[in-house]
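Dear colleague,

Please find below the structure that I am handing over to you. My findings follow it.

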Amino acid sequence: MAIRVPSADQIVEVGEELGLRLSEDEAAQYLAAMKPLLDGYDTVDSMADELPEVRYPRLPGYRPEGEENPHNAWYWRTEIKGAAGGKLAGRKVAIKDNVCVAGVPMMNGASVLEGYVPDVDATLVSRILDEGGEIAGKTACEYLCFSGGSHTNATGLPVHNPWKRGYTTGGSSSGSGAVVAAGDVEMAIGCDQAGSVRIPAAMCGIVGLKPTHGLVPYTGVMPIEMTVDHAGPMTDTVANNALLLEVIAGADGLDPRQIGVPENPSYTGALGQGAEGLTIGVLKEGYGHPNSEPGVDERVRAAVAQLEATGATVREISIPEHLVGVAVWTPIGVEGTVDCMMHGNGFGTNWKGLYVTSLINRYARWRERADELSHSLKYVILLGQYMLNQYGGHYYAKAQNISRRMREAYDRALADCDVIVMPTLPITATPIPPADAPIELAIQRAHEMFANTAVFDATGHPALTVPCGLSDGLPVGLMLVGKHFDEATIYRAAHAYEQSVDWKTL
């Protein structure tokens, strides 16, 4: 396919978009000068793309309905078998539907992507298959992953919490939370930019980890904003979480965010060591948010007391910067989303990672159907575009600078304690808003729970949620935050707590 050569009139129009006022004669001269550059485009067009090999056979599967999908948690079911043996032999793993699985439809919760079929496997998918795991299907997620609720998927089918129908699972990894909580699978993959692994894990009563930024390659996963994108395991137990992370972690040579990543990391070895000798820092500012539910704070404090009873040393710490964590995340998440996911058609430019060109081709047409975007995405990109227009990226840049200071504040605290603990969320699962809910309510239900989670996407610290009891019959999560690339210590503490109680009776 030859590149479509622009006309002089089209060059004039492009100039107007860039603030240039060109005459027709000037446009014609520029166009003539472009011929060698256009020839270069033609050469690239004629060459084969450079994409990872798809190594395991598969059939596309099918869309489950009715009794086969009671919580609306599955977008697609399939059976992709991996190697004959390995760490995940005999295990079925669900994959969030923003992760590429070659030959299997991927919607990412969005009508603008419906019908797209990837031609590559994400690195983490290949690693699961290489270790003998079976891909059981793709799980429903929020519209382009931009919601902490479970009501914005373009199918119109909200994902219901297995603990209480009509209540949210949390999001955006809503389906992954539900399929693990319902017992469909023991393991799933989620992705986290402001809490999208930890929110549904906490609301559904399972274990969810947002790893250190870059530890798990994001290769083959549709990004939102490169500096806050994380992929991580969502599982029924701490042991299974550590096992799945062990499989998917490590550099792949395709994701330039993987700086300082340990080679062949081991996490299962940290299990069973107990909490004795660990110092737990209880973050004062993690409690008592304006929307905090007393039952949540009480359950988490009781969990901390249980950790102390198992031998850990517990002390209260204060990090005042935590209270502005969401504020610092906001320009990064708002303006970065507009630049990377919207203007950049999902991938943007200026990095050396893998570009899934078929996904870019499909998603680049989102503007033709922009009215179909979810309310929770529209209000963010409207603000983001306004701020970029008015301030030229100043606040995105400033927030990124401040985030380094935020990271240092947590690092100072972690120099004196092994992990920092707090409630994962200030609230438990909330009612799913009706499809015709006012815009304000739909947005509130999507973005009301980030008080403790979002900041660690900006600072990159690993953070794990483990269930620690029930409040009014709904799960509560305890969040443990550790040093960069020290997931092993988090697992040690979380496993010690998990083994010491039956959280469902608390």
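Helices α3 (35–46) and α10 (357–363) each supply at least two residues of the lining of the largest pocket in this predicted model. Of the two, α10 gives the most to that lining, with 4 residues. The space in the largest pocket comes to about 580 Å³. Among the residues that line this pocket are Val44, Asp45, Met47, Thr357 and Ile360. Sorted by class, the lining has 4 nonpolar, 3 polar and 3 charged residues.

The largest nonpolar core holds 63 residues, of which Leu124, Ile128, Leu478 and Leu480 touch the most other members. Helix α7 (residues 238–248) gives the most to this core, with 7 residues. Beyond its neighbours within four places in sequence, Ile128 is in contact with several residues, including Leu88, Ile135, Leu244 and Ile248. A second, separate core of 33 residues includes Ala413 and Val481.

Side chains of opposite charge can pair when their charged atoms come close. The count of salt bridges is 15. In one of them, the closest N and O atoms of Asp121 and Arg58 are 2.9 Å apart. This pair links distant parts of the chain, 63 residues apart, and both Asp121 and Arg58 are buried. Arg91 and Glu186 also form a salt bridge, with their closest N and O atoms 3.3 Å apart. Arg91 counts as partly exposed because its relative accessibility is 24%, and Glu186 is likewise partly exposed, at 35%. Finally, a network of salt bridges links Asp192, Arg198 and Asp457.

Yours sincerely

Notes: Residues are numbered from 1 along each chain as its sequence is written. This is a predicted model: local features need pLDDT of at least 70, side-chain atom pairs count only at pLDDT 80 or more; totals for chains, interfaces and linings use all residues. Side-chain values use heavy atoms; hydrogens and water are left out. A nonpolar core is a set of buried Ala, Val, Leu, Ile, Met, Phe, Trp, Tyr and Cys residues joined through side-chain atoms within 4.5 Å. Buried means under 20% relative accessible area, exposed over 50%, partly exposed in between (1.4 Å probe, protein chains only). Contact means heavy atoms within 4.5 Å. On a 1 Å grid over the protein atoms alone, a cavity is a set of points where a 1.4 Å probe fits but cannot get out, and a pocket is an open set with protein on both sides within 12 Å along at least five of seven lines; lining residues have an atom within 4 Å of a point. Grid points are joined across faces, edges and corners, and a volume is the space filled by probe spheres set on the points. Ala, Val, Leu, Ile, Met, Phe, Trp, Tyr, Cys and Pro count as nonpolar, Asp, Glu, Lys and Arg as charged, and the others, Gly among them, as polar. A salt bridge is a side-chain nitrogen of Lys or Arg within 4 Å of a carboxyl oxygen of Asp or Glu.
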